[in-house]
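Colleague: I am new to this structure. Can we go through it in short questions?

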Amino acid sequence: MNLYRLPPLPTIKEIIKLYNLRAQKQLSQNFLLDSRLTDKIVRKAGNLKGAYVCEVGPGPGGITRAILNSGVEELLVVEKDTRFIPGLKMLNEASFGKLKFVHGDILTYRMDRSFPKHLRKEWEDDPPNVHIIGNLPFNVSTPLIIKWFESISERTGPFYYGRTQMTLTFQQEVAERMTASVSSKQRSRLSIMSQYLCDVKHCFSISGRAFLPKPKVDVAVVHFTPLIQPKIEQPFKLVEKVVQSVFQYRRKHCHHGLSLLFPEDQRKELTRTTLMLANVEQTLRPTELTIKHFRDLCCAYRELCDKDPELFSYNFREELRQKKLKMNPELIKEEEIITGTV
Ligand code: SAM
């Protein structure tokens, strides 16, 4: 049994005062100070005895302490804001070197080199003893989870080690979309992208009042375990394109959004062919489509792309942009100014 606990330390509140760690609004920092909640988040990650954990955005270290107290072998933290380094150094000493920290951006950090190679498991095995835990700002956690979904499909980054589990916080509404079932109001692009690759569990919600400063919304803790067999076996970018197009018109019949996959001159015919190949009723709404429907739509679209390799590069947004520019060449100047090409 691992009886290791951190020695008595200043509280997180005292650490914040000591190092003058006022939360920065522009970095959307909201700190969790209640150790009952930080312990609860860490318990939802599962049994961490002897585990190798990566915590994203440790900040003043509330969750970090709870992870260190759960018997991990090693904790790697990735933090963007240098102001937290002295506090993390203190935790490093108190944990006898179990905590390692990287000053960097989790969106570009390469986790496939972070842990010993011997931890690697076959994809079909039980998940490896590698975990990701984090309470990130909402504007980072959503793009990050999309990036990690792509890494799951490629078995790269954190998923080089196998089916690495993740326990992360999201805005309540985003968590509801990720776990939404067919026909529910929250069913969206994110529901399909999460559920075709992972077993997704909404663990519990935390009132915004528990954070310092208080965010405008409540927060939810979500646990992800990558599936052995993705429910759609097609390249990530293809699935993303089909799902995004279909949900473009979420209240209309699904053929409207689906048709955006095809150039105007072939739109009607190829939309009909896709629906027929996939055996999907054109009057279903995007929210009424199951993952199996999406799987069949992706397979049908793939079949058409294999016949005409140029089809996949068709992008209706780009076409729309070109049309707008033709109608109003002044927009070219505006665009050049925005993108900094003049
Ligand atoms: N984990 C702490 C807690 O629960 O009290 C802090 C949470 S605060 C919402 C988010 C933390 O993530 C901040 O410390 C912030 O500096 C850090 N952060 C924000 N963007 C990041 C990024 N791209 N990479 C790494 N850390 C980031």
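This is a predicted model: local features need pLDDT of at least 70, side-chain atom pairs count only at pLDDT 80 or more; totals for chains, interfaces and linings use all residues.

Colleague: How do the residues of the shell around the ligand divide into nonpolar, polar and charged?

Modeller: The shell holds 22 residues. Leu32, Gly57, Glu79, Asp105 and Asn135 come nearest. The division is 10 nonpolar, 7 polar and 5 charged.

Colleague: Which strands each supply at least two residues of the shell around the ligand?

Modeller: Look at residues 31–32 and at residues 74–79. Each stretch is a strand that gives the shell at least two residues. They are E1 and E3.

Colleague: How far is an oxygen atom of the ligand from an N or O atom in the side chain of glutamate 79?

Modeller: Glutamine 29 has a polar side-chain atom 2.9 Å from a ligand oxygen. Aspartate 105 has one 2.8 Å from a ligand nitrogen. For glutamate 79 and a ligand oxygen, the distance is 2.6 Å.

Colleague: What share of the ligand's accessible area does the protein cover?

Modeller: On its own, the ligand has 590 Å² of accessible area.

Colleague: Which residue forms a salt bridge with aspartate 105?

Modeller: Side chains of opposite charge can pair when their charged atoms come close. The whole structure has 14 salt bridges. In the one with aspartate 105, the closest N and O atoms are 3.7 Å apart, and the partner is lysine 80.

Colleague: How many residues apart in sequence are the parts that this pair ties together?

Modeller: Lysine 80 is in the loop between E3 and helix H4. Aspartate 105 is in the loop between strands E4 and E5, so the parts tied together are separated in sequence by 25 residues.

Colleague: Where is the residue that has a positive phi although it is not a glycine?

Modeller: Most residues other than glycine have a negative phi. Phenylalanine 96 has a phi of about 55°. Its place is the loop between H4 and E4.

Colleague: Which residues does a cis peptide bond join?

Modeller: Most peptide bonds are trans. Here omega is about -15°. The proline is in the loop between strands E8 and E9. The joined residues are leucine 212 and proline 213.

Notes
Residues are numbered from 1 along each chain as its sequence is written. Side-chain values use heavy atoms; hydrogens and water are left out. A residue is near a molecule or strand if one of its heavy atoms lies within 4 Å of it. A polar contact is a pair of N or O atoms within 3.5 Å; within protein, one must be able to donate a hydrogen and the other to accept it, and residues adjacent in sequence count only if both atoms are side-chain atoms. Accessible areas come from the Shrake-Rupley method with a 1.4 Å probe; for residues, only the protein chains shown count as cover. Helices (H or I, at least four residues) and strands (E, at least two) are DSSP runs, numbered from the N terminus. Ala, Val, Leu, Ile, Met, Phe, Trp, Tyr, Cys and Pro count as nonpolar, Asp, Glu, Lys and Arg as charged, and the others, Gly among them, as polar. A salt bridge is a side-chain nitrogen of Lys or Arg within 4 Å of a carboxyl oxygen of Asp or Glu.
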